[in-house]
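Visitor: Please take me through one part of this model in detail. I would like a close look at a salt bridge inside a helix, and then at what surrounds it.

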Amino acid sequence: MTDTAMEAAELGKRFGRRGRWGLRGCTFRLPAGSVCAVVGPNGSGKSTLLTLAAGLEAPTEGGVTLLGGQPSAVRDRVGFVAQDKPLYPQLTVAETLRLGAGLNPGGWDAEAAERIVASGGLDTTARVRTLSGGQRSRVALALAVAKRPELLLLDEPMADIDPLARHELMGVLMAQAAEHGTTIVMSSHVVAELEGACDRLLLLRDGRVRLDGDIDELLDAHAVLTGPADEVGGPAPRDVVDHRTTGRMLTALVRTSERTPPEGWEAGRPSLEELVLAHLRAPQAAGPADTVKDPASAPTENREATS
């Protein structure tokens, strides 16, 4: 057993000999037992990172290890749900689950798989090609969870699932993490839904890590300040990640662990969504990455690789 579920060191992936970099200089460590949200705009490198971690692509530079080994060496201990949810379209749902059991002779929770499928009202005699996108996502998640992996990699697993089903399946994933100590790495665009479920954040932009650490520590290291836009004595410019002016009031997200606001200003703890959006709106302020490596450490600068 290892206390590190996933670790990347200067990980990079270039598409084509002279193509664009999908990921560059990506360095982070994810403790075992974490539930990590991987967020960022389209094209930021989320899918590239998870595909490299799953061992489906080879990195151009650097490397990534899972559970203390190379992705190819620990494949039986890792579950992966790709964004396009690849399944055999000619098989029925029941046949798909039987295939999953056959491919995982070392451990298969048939009851869990059947429960996830049944809670969505799926007809197990229906062929995969007749299912909706959300139904295919449910089957793919059933396969991944029933494998009982130590590490579960999920690339936009619920993008095409309705809100009620997302809430239900998020509960299934959290129960998996709590009961079996599963480490979950999940990319998503629905940041608000991740705040109560995830304890780690990995924010990517332009193929680089911009924010990395324990979510509570990251939130504690920032504050939302609100005050008069035309009054001196506000936050120091070097500390401001992003700011917005509405009428005569200015709202700024700043890097600080101090909750005492400047005179005439109000201070509050940001939400996860406020933190993420501020760093995405102002990428030049967010990089090199701010990192909180453990609850006892303050935010530090995480070096980016030079081109």
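Guide: Start in helix H3, which spans residues 110–119 and holds both Arg115 and Glu111. The two sit 4 residues apart, about one turn of the helix. Their side chains meet in a salt bridge, at 3.7 Å from N to O. The model is predicted, and side-chain atom pairs count only at pLDDT 80 or more. Glu111 is exposed, because its relative accessible area of 57% is over the 50% cut-off. Arg115 has 49% relative accessibility, so it counts as partly exposed.

Leu97 lies in H2. The C-alpha atoms of Leu97 and Glu114 are separated by 8.1 Å, although the two residues are 17 apart along the chain. Leu97 is buried, because its relative accessibility is 10% and the limit is under 20%. Neighbours within four places in sequence aside, Leu97 is in contact with Ala113, Glu114 and Val117, among others. Its contacts also include Trp108, Ala142 and Leu143.

Tyr88 is exposed, because its relative accessible area is 51%. Together with Leu99 and Leu103, Tyr88 forms a nonpolar patch on the surface. The accessible area of the three together is about 330 Å².

A search of the whole structure finds 12 salt bridges. Two of them involve Arg269. One joins Arg269 and Asp216, at 3.4 Å from N to O. Arg269 lies in the loop between strand E13 (266–268) and helix H8 (272–281), and Asp216 in helix H7 (residues 215–220), so this pair ties together parts that are 53 residues apart in sequence. Arg269 is partly exposed, because its relative accessibility is 41%. Asp216 is partly exposed too, at 47%.

The side chains of Arg269 and Asp220 also meet in a salt bridge, at 2.8 Å from N to O. This pair again links distant parts of the chain: the loop between E13 and H8 holds Arg269, helix H7 holds Asp220, and they are 49 residues apart. Asp220 counts as partly exposed, because its relative accessibility is 34%. Through shared partners, salt bridges join Asp216, Asp220 and Arg269 into one network.

Rings come next. The search for aromatic pairs covers the whole structure and finds 0. A charge does sit over a ring, however. The charged end of Arg24 is placed over the ring of Trp21, 3.9 Å from its centre.

Finish with helix H1, residues 46–53. Of its 8 residues, 6 are buried, so H1 is largely enclosed by the rest of the structure. The buried ones are Lys46, Thr48, Leu49, Leu50, Leu52 and Ala53. Gly55 follows H1, and its phi is positive, near 80°.

Conventions
Residues are numbered from 1 along each chain as its sequence is written. This is a predicted model: local features need pLDDT of at least 70, side-chain atom pairs count only at pLDDT 80 or more; totals for chains, interfaces and linings use all residues. Side-chain values use heavy atoms; hydrogens and water are left out. Patches are made of residues with over 30% relative accessible area and no salt bridge: like charges are joined within 9 Å, nonpolar side chains (Val, Leu, Ile, Met, Phe, Trp, Tyr) within 5 Å. Accessible areas come from the Shrake-Rupley method with a 1.4 Å probe; for residues, only the protein chains shown count as cover. A salt bridge is a side-chain nitrogen of Lys or Arg within 4 Å of a carboxyl oxygen of Asp or Glu. Buried means under 20% relative accessible area, exposed over 50%, partly exposed in between (1.4 Å probe, protein chains only). Rings of Phe, Tyr and Trp (its six-membered ring) pair if their centres lie within 6.5 Å; planes under 30 degrees apart count as stacked, over 60 as edge-to-face and the rest as tilted. A charge sits over a ring if NZ of Lys or CZ of Arg is within 6 Å of the ring centre and within 35 degrees of the ring normal. Contact means heavy atoms within 4.5 Å.
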